[in-house]
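Welcome, and please have a look at the model below.

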Amino acid sequence: MSSSPMPWRLQQELRACVQLSFPLAIAQLSEAATNFVDTMMMGWLGEQSLAAGALGSTSVMSLLIIGVGCVSSVGTVAAIAIGAGQRDRLPTISIHGLLFTLLIATPLSLIVWNLATALPYLGQSVTNTELAQGYLQAIAWGIPAALGFSLIRNLASAVNQPQIIMQIMGLGIALNVVLNYGLMFGRWGLPELGLAGLGWASTIAFWVKFAIALSIIFSRPSFRPYRFFARCPWQPAMMAELFRIGIPYGSLMTLETGLFLCVTYLMGTLSTTALAAHQIAIQTAAITFMIPLGISHATAVRVGQFYGQGNRRGMRQAGCVGIGLGTLFMSCMGVLFWLLPDLIIGIYLDRTNPDNTAVIHYAVQLLRVAALFQVFDGIQVIANGALRGLKDTYAPMWIGLLSYWGMGLGCSYLLGIVGPWQGVGLWIGLVWGLIVAAVVLTGRFLRQTGTTIA
């Protein structure tokens, strides 16, 4: 049987991966940009607001990533159906996916709403907790819309039409910036809400993006053949499949984001300066992480489509191309973190203000540690996406438990809390956990695609 030369196949897969990854990465950046803009503008309110906002925005971002991970199961199932030539399953997948998204969003919203009551028990100061509460309770109303937008992104990606996400992204960011300024300082007749105003601005932006995406799904002719969200009979087996794929993957994202969140809380027990510096570094790392996260979603779609075709070589190639793209990008970001930390910090804080000297010095050290884990963070999330395309999410969940919490958090606690290295020690633990995850998950994908997949 004849086949194309390997370089040509790789070129085709690289082109397909880039075309799918680019709009998905932009979509992830859109979501992260909301949090990034919030963090930047928190600095305008002072160090105390930045530290308090760190508790709120990091918690929300972590929970959103968990929810997005769960909802991504809809895209996996849809991509496999497309690969198998079963387009008629898409109405059932989409309508059950919408219900699944609501079931995930409801508890996450409740957690965000009530999170401030738990912060004092995690060693956070009363002042920081009280400031964070208004932000958390405002943004809690936007969680369902944020996950609904993720659902539509997954469906559009499964049918190779993710471009609608790019069209919405710019409007969402611009709206968020304008509303942040107006609600934070009380401009243009809007109430002056301070830190809480940032939460309400994000909520409004989330709902506007979701509404526009939904209207495009229903109105654009290119989506009509798929009959997304058309009425269909209730199928418990479909809902069970979404849970079977989505919950373990969401749990894996819980373990990873939970590691970063736990380190945030540990930072808060050290000092307000440490927490503010941590927020600068973690927010910057979160921005760069959105690109490999977008590549991860694209890789899951590509692997899933080949899975539906029963094409093992295609699965392996799609996964390896995605991992290679992520490695290249995150290597470049690591170099920037190492060489230009002062420039990055200047985005958040006024470097000429002597009151910010301690935070800036601390943040430089953390950014240099973050430079070391960029590559491994990108590899492990894309390897996770490749495994999700194979519907393999249960074993990676246990791998995440061992690497993130057993290795990563254990090392963080020993070096940063028990040992003398404090915040830098906490971040070195993050590096170790991500290295272990990257190596083990990539190895599992290569083994899975080297044998028959049941």
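What follows is a brief report on this predicted model.

Residues are numbered from 1 along each chain as its sequence is written. Local features need pLDDT of at least 70 in this predicted model, side-chain atom pairs count only at pLDDT 80 or more, totals for chains, interfaces and linings use all residues, and side-chain values use heavy atoms, with hydrogens and water left out.

Let us begin with confidence. The chain has an average pLDDT (the predictor's confidence in each residue, from 0 to 100) of 82, and 90% of the residues score at least 70. Over residues 1-5 the pLDDT stays under 50, and the model has two contacts (heavy atoms within 4.5 Å) beyond four places in sequence for them. Where pLDDT is low, the predicted coordinates should not be read in detail.

Helices here are DSSP runs (H or I, at least four residues), numbered from the N terminus. The table gives the elements with the lowest and highest mean pLDDT.

| Helix | Residues | Mean pLDDT |
|---|---|---|
| α1 | residues 6-42 | 71 (lowest) |
| α10 | residues 312-339 | 91 (highest) |

Now to helix α9, residues 272-309: its 38 residues reach 54 Å from first C-alpha to last, close to the 56 Å expected at 1.5 Å a residue. Of these 38 residues, 34 are buried, that is, under 20% relative accessible area. A kink of about 30° lies at Met 290, shortly before Pro 292. Just after α9, Gly 310 has a positive phi of about 75°.

Finally, the structure holds zero disulfides, a disulfide being a pair of cysteine sulfur atoms within 2.5 Å.

How values were computed
Helices (H or I, at least four residues) and strands (E, at least two) are DSSP runs, numbered from the N terminus. The expected span of a helix is 1.5 Å times one less than its number of residues. The bend at a residue is the angle between axes fitted to the seven residues ending there and the seven starting there. Buried means under 20% relative accessible area, exposed over 50%, partly exposed in between (1.4 Å probe, protein chains only).
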